[in-house]
Amino acid sequence: MTRSWHSLAAAAIAVTLTVGMSACASAGDDGPASGEDNSVLRWSFGLPTSWDPVASRTGNDINTISLPYASLTRLDEDGNVEPSLAESWAYDDTGTAITFTLRDDLTFSDGTALDAEAVKAHFERGKEQSGSHLRDQLADLESVTADSETEVTLHLATVDYQIPYLVAGRTGAIASPTAAKDPKKLAAAPVGAGPFVLTDFVAESHASFVKNDDYWDADNIHIDRFELTTALDAATVVSAVQSGSVDVARLPATQIEQAEKAGLTVTIAGTLAASDASLNLNQDPLDDPAVVAALRYAFDRQAFVDAVTAGTGTITHQPFPEGYIAFNPEIEKIWGYDPDKARQILSDAGYEDGDLSIEITAHAGSELDAQLTQSQLADIGIDSTISLVPTGSTTWQDEVYVAKSPQLALDGTIGRESPVANLLATYGPDGIMNLSGPHSSDEFLAALDAVRATPIDSPDYQEVLWNAVRVGVEQSPTNYLYSNPWVFVSRSSVSELNLLPSQVRWEGVQVSG
C-alpha cells in the first residue's frame, strides 16, 4: 500500500462523537437491559446473497461470510497479507505453484477436519460447481494437490503472484466438504471455521450466531452471541441504535450530525469502495458510441461527494479510491465534468433534447444518487426515469448481476482483497459488476495477465497495475463517480470497531454493560 492509503486507513478517521453521560442517558443509550448478556452484539448490515462462499455473488458478502468462515489468509489494516487458516505460504521458482501450510488441528463447526484435503475440495468445487461465482477467479487454477495433512499446493496454468491476496476473501473462505455435498443446504446453513457458528437463519430477516471456541483466533473474539439483521431504512438508523434494537449499523454520512446529537458513537474509516453509474452497451441507446462518449462528461462528481457523502468521500473515475496502490492518478485527467461538451457530442451525432430517454435503476435508499443522476442527464438533454429496487430484495442480484437488464444502474464496488480480482469483477467478461458483459477487451485481459505475472514487491508492479487500470477504464462505458468511507454508528456499550479497508471484522471488539 502507498503511504497516503496507510494514513487514511490507520487514522480510520475514527471520529468519536459523544456528549456527556447525562445526555447519553436521556437519549436512551444505557447499554443492555438488566439481566441481558453483555456479550451480545446486534449488527444491522444486510445478509449475504448466499452463505456458500462458492455461490456468494457480491464482494460485499465478505463482511457477512467472514462470520461463519475463515479464509486461508487475511489482510491487515494496511492491506498487507497476513496468516489466517494458513500460517505460511511459498511460491515455487516458476511462480506457477504456491503451497499453503495450514495451522495444526483446524476443525469445521460440524466437527470435521479442516485439512489439506478439505482445502483441495473447496477449490475444486469453486471451479466445477454449477453456479459457482469463483470460477472466473480460478480460471488459471489447473489442479490442487494435498501434499500432506497440512500442506496444499495450487498449480497454476500461468504465473500469478496475486494468489495470497485472492484467498484472503471469499475465494479462500473454506467450507466443510461434508456440508458442501448439499450445496442448496449450505447456501442457507453455513459450515465453516470462522469466529462464529450459525444457530438460526431466516432469509431476508436475520441470522443468529454463537462464538466458535474452536476458531483459530478465538482469543480475540469477545462476543458470545451475534445477531445480524438486514440493513435498516436510512431514516431509521439513528433511532434504532439509540433505542437499543441494534448496537451497530451503517450510517448515511448525511446523518452524522444527527447521530452526534443523539450521543452515539460515529466511526469513519477508509474503504476500497467506489460508486458508479454502470452503463449497458447491450441496451439501446447505450449501444451508440456517441451516447457513451457524451456521458463521459455528464457527471458532476463533486456534487455527489458533497450531497451523498456529506464531504467525507472523494472523487474517482476508476474502481479504486484515491490513495490506494491501484489508483492511477493519470486517469483522473482524461475526462472532466463538461456538460457543454457532452451536449455537443450528442448534437454532432444527430440527437436533439428529449430524443434520448434512459431508465435509472437504483437501490432504495439511494434516491439522492438517482436524483442527482437524473438532474445531470437532463442538463445534457437526456430524459430519464428512476426505478428503485427495495432494500434487502434479491431483485438487484437477479436483474442487475445476473440478467444485466438495466440501461443504467447506480451501483459500485466494495473492493476486493486483490486489485486484479476487483478489476475482473468490474470489467471482466463474466464480471458481476460489468453491466455490459461479456464486453471486455483483449487488451484489458492481457494487461491483467501482466499484473499477475509481476511479483508484488517488484519495482515495476505499480506501473504494470496502473496500466491495467487505465486500459480497463478506457474500454468500459461505466463511469465511476466517488469513493465513500465506512461510516458506522454504534452504542456507547460497543468498543472501538475493527473497520479494515477490505472488510468489517470483529476481532478485538467488545460489548460492555
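I began with Thr-58, which lies in the loop between strand 1 (40–44) and helix 3 (62–65), where helices (H or I, at least four residues) and strands (E, at least two) are DSSP runs numbered from the N terminus. I noted that this is a predicted model, in which local features need pLDDT of at least 70 and side-chain atom pairs count only at pLDDT 80 or more, while totals for chains, interfaces and linings use all residues. Residues are numbered from 1 along each chain as its sequence is written, and side-chain values use heavy atoms, with hydrogens and water left out.

Leaving aside residues up to four places away in sequence, Thr-58 touches Thr-49, Arg-170, Tyr-401, Arg-416 and Ile-432, a contact being heavy atoms within 4.5 Å.

I then turned to the sheet, an open one of four strands in the order 4-5-7-6 with antiparallel pairing; two strands pair if DSSP finds at least two bridges between them. Strand 4 (86–91) and strand 6 (141–146) each have a single partner strand, so one side of each is left without a neighbour in the sheet. Five bridges join strand 4 to strand 5 (residues 97–102), which run antiparallel, and within this pair I found Ala-90 opposite Thr-99 in strand 5.
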